[in-house]
Amino acid sequence: MSVQYLADAAYREEVLLFFSRVIPGQVIEAITLFATVAVFFSLMVTPIAAISVYIERRLSAKMQSRIGCNRLGPEGIFQMVADGIKMISKEDFMPQGADAFLFKFAPYLVMVGAFVSFACIPFSKQLLLADINIGVVYLLALSSIVVIGIMLAGWSSNNKWSLLGSLRSAAQIVSYEIPLGMSLLIPVIITGSLNLQEINQFQSGGIHNWLVFYALPFTVPAFVIYFISALAEVNRTPFDLPEAESELVSGFHTEYSGIRWGLFFIGEYHNMFLISCIAVTAFLGGYQKSAANFPFVIVSLFFMFFITFHILTFLPKLGFSLFQGKNILDMLMFHHPKPMRRWLRIVCLILAVVVSILFYINHAHSNMIQVVTFISKAYFLVLFIMWLRWSLPRYRIDQLMDLCWKKLIPISFICLCGVLVWVVLI
Amino acid sequence: MWCLGVGGIDMKQYILDIVHGISSIAKGMWVTFTYLFKPHATVEYPEVNVESMLPPRYRGILQVDMDLCISCLACERACPIECIVIEDVKGDKTFVTSKLTQKPTPKVKYPLRFDIDIAKCMFCGLCVEPCPTGAIHHTRKFEGSVTNVADLTYSYIRDTDIELAEKQVELLANKKEKEQA
């Protein structure tokens, strides 16, 4: 993989040696680092929003007895491309009386807050952009940037619904940061490090070393509290009060349209993936080898193979019809017949099982295997968040505050104290 | 001890609330989870033949069987939005076998024009009920989209009906001439 190659320190040194005769070393280092970040984001992080949106559309359809988008391309996977094109080609509208600079600036702030946090997430032993030794603090600090973006968006829109939504969001994020921080302190206390890579390496050796199961009576509630308050932090259902459609039109992004709205959307889905990544790193064993990874890896590989097979069997037909001079849109609306789909499913499942066993045997030696393990676990949590969204109704604002201040904070404090005692005594 | 309360909070109720919250969330999520394995309730419309899935008394676009129509204007009078227009001429008394009662029904008028504006029609079925021969009836069709709204004024009259009506006019004229002679 080119990403890993670029992230590799040896490669960076090679490049440095090559160019150091012409340009000063620090400049080259900065440029290579920038290139690494750019390649990493463009290949791995950017498609996450598109893929998540596609998955969420299909999943919500399934949960509501619908079919979902299955028209554009095999099983509708080109729908995300169509969505993107639609978003970019729409009119960029700004309401009268809006603060022009802040209105345009706010979406970037939200998106950057989501993107930059990925820098210190250890996807594998080597695929880590910045090995900061205060990783947890960095994540908590950056998660607060998003709320500034939301506040600016709500205020600069010159719309009362937007303002109300952003105020709710501020109240919500500020209060839920406390249980979030307290529950994230627990892995820090256990491992004695703020470095996410070290927290991750502490959990090597199997499921019994995962931090959720370290001090069972305290860490399991801590994980649950982390998850709940992280959901509230990224404004996902059941905590989507800032954008409550039924009350506030759509909250802080009421006045946004086109790609500016899209940036909020991308930011939301990235944040969702980000909190799942943090949960996996801090509580669920990260990329470490474990037999417990099997179900996650099998399911994610199954879907990967399934989609790949669909595209592979679809492309020849598309090429042939283009050769015949047919309309491309007609050709994109293509369905595999049912027996073919069943057959593909069986083959993909067998392949996924075989490959995941190979992964288990080969785990320590490959970066890619670690990345797949990590991302499939994180995606499982993303799916869980979507599942929650389509099952639960929205909280009322007083219930939200009640949950945070009367339930999550005391319980997380008890957990924190319990883990402290546990660490000292055992 | 649980009932003693801490800071004005009933501890027993506090814990029960948490347990109830978690269990009800689990219950709700189980319901949505089971839907993942159920077949979908929607159909992919243009590919699937929906007409066969419609209920038996479905009221689709109106159809008139001109062989049965006795031009009694019952439907035109029944229509609450007056979207049916019939013009007719008087003629000889003939008999038409009713589709409803299987009895011969007298026919003294012959239609020259039978138009229904489907764009106005609200598919109430009030025109179908008074029809003595069952000539006007609902079909199971519902796809009526056209590019010009005037195309939605359906004309049910055929060339043979016009010929028949004109023949009746001639016959009537001949009769009058004979009477005058």
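Colleague: How are H6(A) and H7(A) oriented relative to each other, roughly parallel or roughly antiparallel?

Modeller: In this predicted model, helix H6 (residues 135-156) of chain A packs with helix H7 (residues 160-191) of chain A at an angle of about 175°, with their axes 9 Å apart. Angles over 145 degrees count as roughly antiparallel. The two helices, H6(A) and H7(A), are therefore roughly antiparallel.

Colleague: By class, how many charged residues does the contact of H6(A) with H7(A) have?

Modeller: Residues of H6(A) in this contact include A:Leu140, A:Ile150 and A:Trp155, and those of H7(A) include A:Ser162, A:Ile173 and A:Leu184. By class, the contact has 12 nonpolar and six polar residues; the number of charged residues is none.

Colleague: Is the crossing in which H5(A) passes H11(A) left-handed or right-handed, and how many charged residues does the contact have?

Modeller: The crossing of H5(A) past H11(A) is left-handed. Among the residues making the contact are A:Tyr108, A:Met111 and A:Phe115 of H5(A), together with A:Arg260, A:Phe264 and A:His270 of H11(A). By class, the contact has 10 nonpolar and three polar residues, and the number of charged residues is one.

Colleague: In what order do the three strands of the open sheet in chain B stand?

Modeller: Strand E2 (residues 84-97) of chain B runs antiparallel to strand E3 (residues 104-117) of chain B, and 11 bridges join them. E3(B) also pairs with strand E5 (residues 153-155) of chain B, in the antiparallel sense and over three bridges. The order of the open sheet is E2-E3-E5 (chain B).

Colleague: Which strands of chain B stand at the edges of this sheet?

Modeller: The three strands form an open sheet with antiparallel pairing. Each edge strand has a single partner strand, so one side of each is left without a neighbour in the sheet; the edge strands are E2 and E5 of chain B.

Colleague: Which residue of E3(B) stands opposite B:Asp88?

Modeller: E2(B) and E3(B) run antiparallel. Along this pairing, B:Ile86 has B:Phe114 as its bridge partner, while B:Val89 stands opposite B:Tyr110. For B:Asp88, the residue opposite is B:Pro111.

Colleague: Which residue takes a positive phi in the hairpin of E2(B) and E3(B)?

Modeller: This hairpin has six residues between the strands. The residue whose phi is positive, near 60°, is B:Gln102.

Colleague: At about what angle to E2(B) does helix H3 of chain B run?

Modeller: Helix H3 (residues 159-180) of chain B lies across E2 and E3 of chain B. Relative to E2(B), the helix runs at about 70°.

Colleague: How far apart do the C-alpha centres of domain 1 and domain 2 of chain B lie?

Modeller: The domain assignment of chain B gives domain 1 as 2-35 and domain 2 as 55-180. Their C-alpha centres lie apart by 68 Å.

Colleague: By class, how many charged residues are on the side of chain A that touches chain B?

Modeller: The contact between the chains involves 10 residues of chain A and 12 residues of chain B. By class, the chain A side has five nonpolar and two polar residues, and the number of charged residues is three.

Note on methods
Residues numbered from 1 in each chain as written. Chains lettered and ligands numbered in written order. Predicted model: local features only at pLDDT ≥ 70, side-chain atom pairs only at ≥ 80, totals over all residues. Left-handed = near helix turned anticlockwise from the far one by under 90°. Helix = DSSP H or I, 4+ residues; strand = E, 2+ residues; numbered from the N terminus. Contact = placed C-beta atoms within 7 Å. Nonpolar A, V, L, I, M, F, W, Y, C, P; charged D, E, K, R; others polar. Pairing = 2+ DSSP bridges. Axes fitted to C-alpha atoms, helices over the stretch in contact; angles between N-to-C directions. Domains from an automatic or database assignment. Parallel < 35°, antiparallel > 145°, perpendicular 65-115°, else oblique.
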